[in-house]
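Hi everyone, thanks for making time this morning. Let me put the structure up on the screen, and then we can walk through it together.

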Amino acid sequence: MTGTTGRPDRVVLLNPGPVNVHDRVRAALAGPDECHREPESQALLGTVGGKITEVCGAGRDSHATVLFTGSGTAALEAVLSSVVPADGRLLVLDNGHYGERLLRIADVHGIATVRLEFGWAVPLDLDAVDQALAADAGITHVAVVHHETSTGMLNPLRELGPLVARHGRSLIADAISSLGAEDLDVVRDHVDWCVGTANKCLEGMPGISFVCAPRERLEALAHVPARTFYFDLSANYRAQVVKGSPQFTPAVQVLRALDAALDLTLAEGVAARTARYAARAAEIRAGLEERGIELLLPPERRAGSITNAHLANGMTYDELHDGLKEHGYVIYATQEKSAGVFRLANMGQLTGEDIAGFFRAFDEVVARCAPSTR
Ligand SMILES: *Cc1c(COP(=O)(O)O)cnc(C)c1O
């Protein structure tokens, strides 16, 4: 790759994870070989879980984090398949690709669901949620995506949480693309089951995902039969957290990298990371608007880590993507229902110079691909 990203070997990732990581995170992957049943490796699970619990805003006495080897969807599947009892019902709030995914996971496991479908990039209607819960006493759990990565919309978890709690139901939040970079506090926001992943705003490597929950809720799962063997949240909790030894072989090296990434997250602080991401997002949004490119969402609905923009200048996504890739910049398409829109994420270790370099490459690609329309 020839690349204009400042370093010949560096690809600038503007996709929503995996992200450009800190050199300390990359170095942690290449530590000594180790056996996951030795005390120092078993201790790592507790250390990493504790740091994640802290990032979630909870105390280590009241809450615990259960780790899974697998991408974000693995932990989502663990929660959905483990916490809704056979006679329970799940209300899914759906306003994008990932909301729909929650529903599809529940369907696979034969879980009874009620779907509130708002449409892509349409804000959640909290009155409708209130009414749905009031109308159906059989709904035991509510599932929501905090940052709907498909559209870049941030859903109002802080308002939703107290509402669900008022109805006495249990809230499951997919915080996979928000944790670490958005304001989220599982205690304040009444999130019972908070799902996250290593390789987005926590800036680790892909391969580990997790669930943070109150210990008493995790204990109570002993009475809910599991629907899967590997992703049995209760069994993994008992082995990993209660007994301090993982149920299966974890991706130990990826955990080492996540441990380093969590140290960096806690040292920076979530509020400072939110501000850093906001600065990159502002550079991206200003750069696009200067070029007459229309953004998808009104500013108050946008998360701080993604910008969805309409393709312009008669270019196709593939032309734009492939041209930028030659310069060392990776952009992202959108899922099916937002054709003609591309995404620029600003998760990870990105500098203002990365964004400036991106726009230099962007202008060159546009000039080369669509000279007649400019
Ligand atoms: C990335 C993401 C996921 C999980 O995707 P994986 O490919 O399994 O890591 C789930 N939900 C949201 C909101 C996401 O952004």
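Before anything else, one term: when I say two residues touch or are in contact, I mean heavy atoms within 4.5 Å. And a word on where this comes from: it is a predicted model, where local features need pLDDT of at least 70 and side-chain atom pairs count only at pLDDT 80 or more, while totals for chains, interfaces and linings use all residues. Residues are numbered from 1 along each chain as its sequence is written, and side-chain values use heavy atoms, with hydrogens and water left out.

Let's start with the sheet. Helices (H or I, at least four residues) and strands (E, at least two) are DSSP runs numbered from the N terminus, and two strands pair if DSSP finds at least two bridges between them. Here 7 strands make an open sheet, in the order β2-β10-β9-β8-β5-β3-β4, with mixed pairing. At its edges are β2 (63–69) and β4 (113–117), each pairing on one side only. Neighbouring strands are turned by 20° against each other on average, direction ignored. For that angle and the ones to come, axes are lines fitted to C-alpha atoms, for helices over the stretch in contact, and angles run from 0 to 180 degrees between N-to-C directions.

Now to β3, residues 90–94. Is this strand buried or exposed? Buried means under 20% relative accessible area, exposed over 50%, and partly exposed in between, with a 1.4 Å probe and protein chains only. For β3, 5 of the 5 residues are buried, so the strand is largely enclosed by the rest of the structure. In a regular strand, side chains alternate between the two faces of the sheet. In β3, Leu90, Val92 and Asp94 are buried on one side, and Leu91 and Leu93 are buried on the other. The strand β3 runs parallel to β4, joined by 5 bridges, and Leu90 stands opposite Thr113 in β4.

Elsewhere in the sheet, β5 (residues 141–145) pairs with β8 (residues 170–174), again over 5 bridges and in the parallel sense.

On to the helices. Helix α2 (residues 39–55) lies across β2 and β10 (208–214), and runs at about 120° to β2.

What about α3 (residues 72–83) and α4 (residues 97–108)? At what angle do their axes cross? The crossing is at roughly 55°, and the axes come within 10 Å. Angles under 35 degrees count as roughly parallel, over 145 as roughly antiparallel, 65 to 115 as roughly perpendicular and the rest as oblique, and α3 and α4 are therefore oblique to each other. On the α3 side, the contact is made by Thr73, Leu76, Glu77 and Leu80, and on the α4 side by Arg101, Leu102 and Ile105. By class, that contact has 4 nonpolar, 1 polar and 2 charged residues. The classes are these: Ala, Val, Leu, Ile, Met, Phe, Trp, Tyr, Cys and Pro count as nonpolar, Asp, Glu, Lys and Arg as charged, and the others, Gly among them, as polar.

Next, a few loop residues. Ala303 sits in the loop between α10 (270–290) and β11 (306–310). Why does Ala303 count as buried? Its relative accessibility is 0%. Not counting residues up to four places away in sequence, Ala303 touches His147, Gly152, Leu154, Glu182 and Arg285. The C-alpha atoms of Ala303 and Ser178 are separated by 8.1 Å, although the two residues are 125 apart along the chain.

Thr149, in the loop between β6 (147–148) and β7 (153–154), is buried with a relative accessible area of 3%.

Finally, some backbone details for anyone who checks torsions. A cis peptide bond joins Gly17 and Pro18, with omega about -10°, and Pro18 lies in the loop between β1 (12–13) and α1 (23–29). Phi is positive, near 55°, in His190, a partly exposed residue at 36% relative accessible area. Phi is also positive in Glu203, near 65°, but Glu203 is buried at 3%.

That's my tour, and I'm happy to take questions.
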